[in-house]
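User: I would like to go through this model and ask what stands behind each label. Please set the values against the cut-offs.

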Amino acid sequence: MANVTKDDEIPEGSWGIFRRLDRCPEERWDSFRTIVDRYGAKVGHRSMISPIRAQRPFETVSSDEPLYTHPPVSESNDVFCRIVRGLLPAIVVTKDKEPFQDPYSTTPIKESLEEYKAVTIINLYSPFARVLKPPIEDTGEKDIPYGIPLVHLLTKHYEHIELVPVEELAALISTTVSSLNSIISYFEDKSIPFLLSQYTFMNIGARAGASIPHLHSQSFINVNEHGQGSKVQSFLVAFEEQRKDNPISCLGCHYANKDIESDYLGQKLHIEERVIEENECWTALAEYAPERDGHIRIIPKKHVSTLIQLNDHEILLLADILRKVNWGLSYFIKDFGPQLKIYWDRNILLRQQFVGYASPLHMLIDIIPVQIVGGAEVFNDHRVCSILPEKTAEIIHEYLKRKPLDSCP
Ligand SMILES: [Zn+2]
Ligand SMILES: [Zn+2]
């Protein structure tokens, strides 16, 4: 063998060869969605945190697009602004907290919504059949996804969640609560057993799937009983599983109140070191087993399973912590995005109990920045990350202490 590299010439971590345990990759499982199967294997979401991954070169052609900060704010003449001004038709389910049209309405209207802070409308481009009116002779045999697609809209034009005044952000959450409530009560009135899967999320930035930059969130309410994807199922199952032996002890409650050292998988959780921000009702942490670098999870201190269980005070404090941690995350991405390859764009996911399920889920809110993933992540529910969540928390916490909250990076 010619030109053999000697053992002591190999740089730490190259080719997966480590001498130092503190540089070695670490494996972590998301306690809220991982179970141990009958073979003794953990099944759920895994992160492998490997700092050396951040050092790999990207020999690709660079683009001029802003990747790590928000692009300049667009003109406020988009579809949503025009709906709010009464120039385009919409089916309006709630105006602020007030229910307005039926979730199954087929009558779009044009009217000014400018006097409200936030409204809920039916998505024009639905992934579901909401109302089906086939001609009698059409007896298709395909399965149809039935559901109600909602768009929750701030009536003023914003593109940065961190720049929305707290009261307006709270109004957006309140209008979401009211619209979900009116859909749930619509089914309750029918007094038949039903299953509703609720996906409430916010896409911020084009790379996170926002087709319109005007800040809005969405709820997909799936009203058929065909089931749901495996990712959501893993949360429902894991919560049931971890309460099996200890029905009164909820991991979410312990997490948010910081009174637990290890989870039921035996992992040391480092909760204190991962806290980014907290208030009377909420704790925001850098996620233990990140789905992407910079992943933040907000957890209510009170045991709630769904958004509709929150009161006005809790909603206001949620709006406040959402605004702060997103602001901190934007700074983090501006400074560390180029190295970690995380973009300014992000998804905010509300993980809540599905109606009709008995799983004792503790509501969670995940803020996940866009980071390009490869085959390993497409292959399975796992992720290779580059920065330890404790470090992410320390950096973002520092920004929140130092910098004024009135501007954006
Ligand atoms: Zn707009
Ligand atoms: Zn709980």
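User: Why is Leu316 called partly exposed?

Analyst: Leu316 has 19 other C-beta atoms within 10 Å. A residue is buried with 20 or more other C-beta atoms within 10 Å of its own, exposed with 12 or fewer, and partly exposed in between, with C-beta atoms placed from the backbone. So Leu316 counts as partly exposed. This is a predicted model: local features need pLDDT of at least 70, side-chain atom pairs count only at pLDDT 80 or more, and totals for chains, interfaces and linings use all residues. Residues are numbered from 1 along each chain as its sequence is written, while chains are lettered from A and ligands numbered from 1 in the order in which they are written.

User: Which residues does Leu316 touch, leaving out those up to four places away in sequence?

Analyst: Val166 and Ala170. Contact requires C-beta atoms, placed from the backbone, within 7 Å. Leu316 itself sits in helix α6. The C-alpha atoms of Leu316 and Leu172 are separated by 10 Å, although these residues are 144 apart along the chain.

User: What makes α6 a helix, and which strands does α6 touch?

Analyst: Helices are DSSP runs of H or I with at least four residues; strands are runs of E with at least two; both are numbered from the N terminus. Helix α6 covers residues 312-340. It packs on a sheet and touches β11, β12 (282-286), β13 (296-300), β14 (342-351) and β15 (364-371). The direction of α6 makes about 145° with that of β14. Axes here are lines fitted to C-alpha atoms, for helices over the stretch in contact, and angles run from 0 to 180 degrees between N-to-C directions.

User: Why is α6 called roughly perpendicular to α8?

Analyst: α6 and helix α8 (residues 389-402) pack at an angle of about 110°, with their axes 9 Å apart. Angles under 35 degrees count as roughly parallel, over 145 as roughly antiparallel, 65 to 115 as roughly perpendicular and the rest as oblique. That makes α6 roughly perpendicular to α8.

User: Which residues meet there, and of what class are they?

Analyst: Lys324, Gly328, Leu329, Tyr331 and Phe332 come from α6. Thr392, Ile395, Ile396, Tyr399 and Leu400 come from α8. By class the contact has seven nonpolar, two polar and one charged residues. Ala, Val, Leu, Ile, Met, Phe, Trp, Tyr, Cys and Pro count as nonpolar, Asp, Glu, Lys and Arg as charged, and the others, Gly among them, as polar.

User: What is the strand order in the sheet of 11 strands, and which strands are at its edges?

Analyst: The order is β6-β5-β7-β8-β10-β9-β14-β15-β13-β12-β11, in an open sheet with antiparallel pairing. β6 (98-99) and β11 (275-278) are the edge strands, each pairing on one side only.

User: How do you know that β5 pairs with β6?

Analyst: Two strands pair if DSSP finds at least two bridges between them. Two bridges join β5 (residues 92-95) to β6, and the strands run antiparallel. So β5 and β6 count as paired. Lys95 has Glu98 as its bridge partner in β6, and Thr94 has Pro99. On β7 (residues 118-122), three bridges join that strand to β5. There, the bridge partner of Lys95 is Val119.

User: What stands out about Asp96?

Analyst: Its phi is near 50°, a positive value in a residue other than glycine. Asp96 lies in the loop between β5 and β6. With 18 C-beta neighbours inside 10 Å, Asp96 counts as partly exposed.

User: Why are β1 and β16 called edge strands in the sheet of three?

Analyst: The open sheet runs β1-β4-β16, with mixed pairing. β1 (26-29) and β16 (382-385) each have a single partner strand, so one side of each is left without a neighbour in the sheet. The twist averages 20° from one strand to the next. Strand β4 (residues 46-49) pairs with β16 in the parallel sense over four bridges.

User: Where do the domain bounds lie, and how far apart are the centres?

Analyst: Domain 1 is 26-57 + 65-69 + 246-402, and domain 2 is 79-134 + 142-222. These bounds come from an automatic or database domain assignment. The centres, taken over C-alpha atoms, are separated by 26 Å. The contact takes 26 residues from domain 1 and 28 residues from domain 2. On the side of domain 1 that touches domain 2, α6 gives the largest share, 10 residues.

Methods. Contact = placed C-beta atoms within 7 Å.
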